Amino acid sequence: MHGEYKVPGGKLVVVDLENVDGRIAGFHLAGDFFLEPDSALDDIDAAVNGLPVEADVATIAAAIRGALPDGAQLLGFTPEAVGTAVRRALITAPGWRDFSWEVVHDRPVSPRMNLALDEVLTTRVGDGRRNPTLRLWEWNENAVVIGSFQSLRNEVDPDGADKYGFDVVRRISGGGAMLMAANSIVTYSLYVPASLVAGMTFADSYAFLDDWVLQALRSLGIDAVYQPLNDIAGPSGKIGGAAQKRLANGGVLHHATLSYDMDGQMMTEVLRIGREKLSDKGTVSAAKRVDPLRSQTGLPREAVIERFIDTFTQLYGAVPGTITAEEYAEAEALVSSKFATEAWLNRVP
């Protein structure tokens with residue numbers, strides 16, 4: 001059995017092993033990481049060999065830590081990363097390149113249609129009716145998009161929304177509110193099979209699915225990092241955040257919104273950003289908390305999107321795709337039955 005796990009922002013961890021009578025045997029660790037002393041590699045191998053094949057990531061990591069000599073240094077990987085690679089080997093989880101990827105960057109649609117398309121395309125990937133897909137959003141109306149579990153009245157100031165012309169819509173994933181002003185953000189959605197993130201913790205899957213965008217941002221000169229659970233950040237603050245929804249049919253929606261430009265005053269008038277949330281991020285100002293891409297790159301929004309598409313395409317062999325007429329029609333029906341209804345918007349008043 002063979003398993004691989006690329007540590008987000010780190011190195012590749014590769015494991016080979018066998019299942020002998022319910023125990024891990026013949027285990028060998030490899031990768032492009034750094035490890036001192038050299039003999040620690042044998043210690044890690046010995047720690048994993050003999051563990052039950054049901055051992056979870058935490059159990060494997062604890063065994064490795066207990067076997068490492070004093071002063072051992074693991075650079076570019078962790079015992080948890082080894083555990084994740086082991087779990088992926090035991091369930092034969094595929095990697096990015098094992099799928100045929102499409103990249104979609106279609107015409108602008110309403111925020112509600114973007115949300116409906118997320119549900120439709122995730123369902124189709126889960127059913128095997130569409131290849132795994134990266135979609136870059138375009139929209140033709142300003143909107144506040146709140147998370148599935150957020151309270152409408154606690155998150156949005158209706159007077160501020162009316163003042164600046166923002167509609168309010170609710171998405172199917174959790175997480176916080178995002179302000180979708182015209183040409184001010186970059187939003188993308190990944191529609192992937194659950195097998196791509198098999199063997200990972202929910203938290204690890206966030207960083208794993210956004211690793212490509214960190215590489216794209218770094219190619220633009222931004223020292224981007226991932227801050228658990230779901231924030232993408234630069235040296236001066238948050239750039240964006242991600243959210244997920246996992247469907248029962250095996251489809252996974254992972255989408256992220258990155259700030260390209262920002263009107264800090266408008267944001268504080270439209271969104272009710274509580275002091276508790278700001279203090280948790282180590283700042284007292286919502287405007288100062290966000291570090292937009294425009295000021296960091298000096299590039300047009302279209303150029304940033306093009307770099308994202310180029311990076312994803314080069315990493316995973318993606319090809320250009322489009323949304324079919326049937327998929328648009330299905331999404332339009334879902335807007336009418338769900339995303340445009342007061343019942344959905346007010347599911348958490």
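Reader: Which residue stands opposite Glu-4 in strand 2?

Author: Val-14 of strand 2 stands opposite Glu-4. This is a predicted model.

Reader: What makes strand 1 and strand 2 a pair?

Author: Two strands pair if DSSP finds at least two bridges between them. Strand 1 (residues 2-6) and strand 2 (residues 12-20) have five bridges, so they count as paired. The sense is antiparallel. The two strands form a hairpin with five residues between them. In that turn, Gly-9 has a positive phi of about 75°.

Reader: How do you know that strand 2 also pairs with strand 3?

Author: Seven bridges join strand 2 to strand 3 (residues 23-31). The cut-off is at least two bridges, so this is a pair. Strand 2 and strand 3 run antiparallel. Asp-16 stands opposite His-28 in strand 3. The hairpin of strand 2 and strand 3 has two residues between the strands, and Asp-21 takes a positive phi near 55°.

Reader: Why are strand 9 and strand 10 said to stand at the edges?

Author: Three strands form an open sheet in the order 9-8-10. Strand 9 (167-170) and strand 10 (178-180) each have a single partner strand, so one side of each is left without a neighbour in the sheet. From one strand to the next, the twist averages 25°.

Reader: How do you know that strand 8 and strand 10 pair?

Author: Strand 8 (residues 143-146) and strand 10 share three bridges, in the antiparallel sense. At least two are needed, so the pair qualifies.

Reader: Why is helix 4 called oblique to helix 14?

Author: The axes of helix 4 (residues 111-127) and helix 14 (residues 325-339) cross at roughly 120°. Perpendicular covers 65 to 115 degrees and antiparallel starts over 145, so an angle in between is oblique. Helix 4 is therefore oblique to helix 14. The two axes come within 8 Å. The crossing is right-handed.

Reader: What residues make the contact of helix 4 with helix 14?

Author: Helix 4 contributes residues including Arg-112, Met-113, Leu-117 and Arg-124. From helix 14 come, among them, Glu-326, Tyr-328, Val-335 and Phe-339. By class, the contact has 11 nonpolar, no polar and eight charged residues.

Reader: Why are helix 8 and helix 13 oblique to each other?

Author: Helix 8 (residues 211-219) and helix 13 (residues 301-316) have axes that cross at roughly 125°. Angles of 65 to 115 degrees count as perpendicular and those over 145 as antiparallel, so this angle falls in the oblique class. Helix 8 and helix 13 are therefore oblique. Their axes come within 9 Å. This crossing is right-handed.

Reader: What residues make the contact of helix 8 with helix 13?

Author: On helix 8 they include Trp-212, Val-213 and Leu-217. On helix 13 they include Arg-307, Phe-308 and Tyr-316. The classes are eight nonpolar, three polar and one charged.

Reader: How do you know that the radius of gyration agrees with a compact globule?

Author: With 349 residues, a compact globule would have a radius of gyration near 20 Å; the protein has 22 Å, so the two agree. The C-alpha atoms fill a box of roughly 65 × 45 × 40 Å along the principal axes. The secondary structure comes to 15 helices and 16 strands.

How values were computed:
Residues are numbered from 1 along each chain as its sequence is written. This is a predicted model: local features need pLDDT of at least 70, side-chain atom pairs count only at pLDDT 80 or more; totals for chains, interfaces and linings use all residues. Side-chain values use heavy atoms; hydrogens and water are left out. Axes are lines fitted to C-alpha atoms, for helices over the stretch in contact, and angles run from 0 to 180 degrees between N-to-C directions. Helices (H or I, at least four residues) and strands (E, at least two) are DSSP runs, numbered from the N terminus. Angles under 35 degrees count as roughly parallel, over 145 as roughly antiparallel, 65 to 115 as roughly perpendicular and the rest as oblique. A crossing is left-handed if the near helix is turned anticlockwise from the far one by less than a right angle, and right-handed if clockwise. Contact means heavy atoms within 4.5 Å. Ala, Val, Leu, Ile, Met, Phe, Trp, Tyr, Cys and Pro count as nonpolar, Asp, Glu, Lys and Arg as charged, and the others, Gly among them, as polar. The radius of gyration is taken over C-alpha atoms; the globule rule is 2.2 Å times the number of residues to the power 0.38.
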